[in-house]
Structures are given as structure tokens and as C-alpha cells.
Amino acid sequence: MNVLHLSAVKNWGGGEHHIENLYKELLDTNPEINNIILCAKDAAFHNRLKTTKINFETGIRKLKIDLRYVLKINTICKTQNIELIHIHDPIALQLAIISDKIFKLPPFVFSKKTSFKIKQRKKTLYKYNYLKIKKILCVSKETQRVCEKAITDHKKLITIYHGTNLKTKSTQTPFNLREKFNITPDKKIIGNIANHIRAKHLDTWIDIANRIVNDEKRDDFIFIQIGEYTNRTDALLQRVKTLKLENHMMFLGYTTNASNFISQFDISVMTSQSEGIPQFIYESMYHKTPIVSTNVGGIPEIIDHNSNGLLANTYDDETLTKQVFALSNQPELQQQFIEKAHKKLIANFTTSKMAQETLKVYETVIKACKKK
């Protein structure tokens, strides 16, 4: 089986992490499958793949619709005898459709990795309902529910949770947070890992810190945020300065193997306004760090409120703050949460399970197309 994975994004995030995990898992369990990744040349994903042994090609994508990337799709399909194209983001989908119109490509499988609604516009609906797409892999049941409002053929939709890679777990970090920033044992580290994009709504993260530090006059909490800077970063840092939180909040920017730091957090706090299911939640479950999160996307499918974590509505920094206080004061509750969360993760949400479920989809699609 020869499978081409398409990524056209410029940044590195959970979606690209999923591609990497899927590739590695299939290499371990099914080495007879030839997986090739096509990524945008000189983008963050390309730079990361260069440090690995993953089989990849690059396509130039200076513009949103770049015909050089379109041509590269066809070249790989012809030279590598590609039987299936797995598309991992909406831009790549659009480029694949253009390439198919010109060259007639193999069948598509598309991964929907967020719970963003599909816009009810003619061109958008045409793209997501394109006949060459044989299956749409949804990252959560909520994502599948969202897709049902725009996808005509609901039989194409299937939920496959991405999960976490148990084989790559480590707690090794280039430095210890408490030692580097002189954080005394009596202070609690509230951690967050997220790129500085709209979906993560890090303003809520700052609002929580403001309530704890300025309103409640507590100086025993330190907030550490790890994630790639974007054009939203300056505004976030300015808010921190305006609220005089510089001594209580640290932004570390993009950090290699950021999840390794999670075991050093006392509590993981997620403030997203939109999600599929973030890797930060999976990784916190693995590293046995208790979780407080907004209840968006597929997060409530893996975090059961008051059972293995605490959930609040989007933008509700008041409730999230109360939950941080409640959890930090109850070590027995923390232990209950982390034990249940870890057990649920191991049983249901691993990349090995994700890879085998994805492989079954590949086999079904290829078999069906060969019959026609």
C-alpha cells in the first residue's frame, strides 16, 4: 500500500503531530505500507521533518493556492504509485482538488481535526463534499456532529481519536522550571501548552492569573505558558504588562518536546474557545497532572467533569479560577482525578489504536475503489 499524506500548513501544531505519530506507528506495525508526507517547503513542519528519518517531500507554497504544490502532488502520485491520499488540512484539500481536476488522482481520505463549523458557502460545501473524498476522519464525536451539518453523505464520517504516543514519552527537559525561575516549593505551577492562536483564547488564561494575583492577592501561584508565538503574542504580552503580572506569568515560546515539562506542572489549565481534542489534554492525562479546562470540542468526551478533571464554559474565567483554587487545595481529589484520567487514556486514547483504526479505513477505501 502506497499512501501520500498532504500537509500544506505553515506552522507546527497538533495536526502535524498527528501525522508524525500516524507515520511512526504504521512504520512499526505495518512496515509494508509506504507512507510519504508532502509538506510546505521551508515551513515549520518541513524544518521538523528534516531532523527525523521520516520519508517526506516538499512542495512550494508561497501563495494559498500555489500551482507548484499542485504539480508536486501529481508527480509523487505517478512516481510512487500512490493508491490513497490522506489529506490533513483544508488548504491541502483545496490544492488536492485542483490537482485532481487536472490529473485525476487516487481516492482521498480527509482528517477533520477541529470542531470549527464548516461554513455554509457553496464553494466550501463543494470542497468538503467532493466526490473523491471517500472517508472523513473526525477527531472527536463533537467534530463528527459538526460535520454532519455540512456533509451530505453521513456514511463518510467516522470518529477516530488521535490519542497519545506511549512510546515517545519522557520527562527529560533542558532545565527544571522551579530551578530556572527560582520557584519555591510553596508555590504552585499552573501550566498551559498552546500556540498563540485564536482558538486557544489565551486572554482567558491571563484573566485567570489576574483574578488570582490581583483580585485575590495570592502570590503562591506561578503561571507558565509554552507555545509558538504569532501575531497575537504582542497583545498578550502587553496585557500581562498592563495587569502587572510579569513576576507571576512566564511565556516560554516554542519549546522542543514541550510536553515533557507537564510533569513539572501542579495543574494543567486549558482555556480554548474551539478545539478538536488538544494533545495537551492527552499529555496531561499521561503525565498524571490534574486538569482544569473549558468544555469545548471533544474535551468533554475524555474529561468527565468532577470525575477525572474539572470543566467550565468558554470564557468563564471566574469559574475556572474557582476550580484552580478548589483543586489546588484538595490533594486527595487531585489523586483521584489523575488516576482515573491515566487509566482512561491508556485504555482508549493511544496513537497505536488510532493508527490501526486509520489503517482499516485505508484498506476499506482502497478495496472499494478497486472493485469499481
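## Loops, then helices

I began with lysine 217, which counts as exposed because its relative accessibility is 67%. A reminder to myself before going on: this is a predicted model.

I looked up where lysine 217 sits, and found it in the loop between α8 (202-215) and β9 (221-226). Most residues other than glycine have a negative phi.

Next I checked asparagine 182, which also is not a glycine and has a positive phi of about 55°. Asparagine 182 belongs to the loop between α7 (177-180) and β8 (188-193). Is asparagine 182 buried or exposed? I get 64% relative accessibility, so asparagine 182 counts as exposed.

One further entry of this kind is asparagine 81, where phi is positive at about 50°, just after α3.

**Helix α3**

That took me to α3 itself, which runs over residues 67-79. I find 13 residues and 18 Å from the first C-alpha to the last, close to the 18 Å expected at 1.5 Å a residue.

Which residues of α3 are buried? My list reads Tyr69, Val70, Ile73, Asn74, Ile76 and Cys77. They cover an arc of only 165° around the axis, which means that they lie on the same side of α3. On the other side of α3 I noted Leu67, Lys78 and Thr79 as exposed.

I then asked what the buried residues of α3 pack against. The partners are the strands β1 (2-6), β2 (34-40), β3 (56-59) and β4 (84-87), together with helix α4 (90-103).

**Helix α14**

I turned to α14 and did the length check again. Its 21 residues should span 30 Å at 1.5 Å a residue, and the end C-alpha atoms are 30 Å apart, which agrees.

For the buried residues of α14 I wrote down Thr351, Met354, Ala355, Thr358, Leu359, Val361, Tyr362, Val365 and Ile366. Viewed down the axis of α14, they fall within an arc of 165°, so they line one face of the helix. Lys360, Lys367 and Lys371 are exposed on the other side of α14.

What covers the buried residues of α14? The cover includes β1, α1, β4, β5 (108-112), β6 (133-138) and β7 (157-159).

**α14 against α1**

I followed up α1 (residues 14-29) from that cover. The axes of α1 and α14 are 9 Å apart, and the two helices pack at an angle of about 80°. Since roughly perpendicular covers 65 to 115 degrees, α1 and α14 are therefore roughly perpendicular to each other. From α1 the contact uses His18, Asn21, Leu22, Glu25, Leu26 and Thr29. From α14, the residues in the contact include Met354, Thr358 and Tyr362.

**A closer look at Thr358**

I finished on threonine 358, found in helix α14 (residues 351-371). Threonine 358 counts as buried because its relative accessibility is 1%. A polar atom of the threonine 358 side chain lies 2.8 Å from the backbone oxygen of methionine 354. Leaving out residues up to four places away in sequence, I find threonine 358 touching Leu22, His86, Leu137 and Ile160. Of these, Leu22 is also among the α1 residues that make the contact with α14.

Note on methods. Residues are numbered from 1 along each chain as its sequence is written. This is a predicted model: local features need pLDDT of at least 70, side-chain atom pairs count only at pLDDT 80 or more; totals for chains, interfaces and linings use all residues. Side-chain values use heavy atoms; hydrogens and water are left out. Helices (H or I, at least four residues) and strands (E, at least two) are DSSP runs, numbered from the N terminus. The expected span of a helix is 1.5 Å times one less than its number of residues. Buried means under 20% relative accessible area, exposed over 50%, partly exposed in between (1.4 Å probe, protein chains only). The arc is that of the directions from the helix axis to the C-beta atoms. Contact means heavy atoms within 4.5 Å. A polar contact is a pair of N or O atoms within 3.5 Å; within protein, one must be able to donate a hydrogen and the other to accept it, and residues adjacent in sequence count only if both atoms are side-chain atoms. Axes are lines fitted to C-alpha atoms, for helices over the stretch in contact, and angles run from 0 to 180 degrees between N-to-C directions. Angles under 35 degrees count as roughly parallel, over 145 as roughly antiparallel, 65 to 115 as roughly perpendicular and the rest as oblique.
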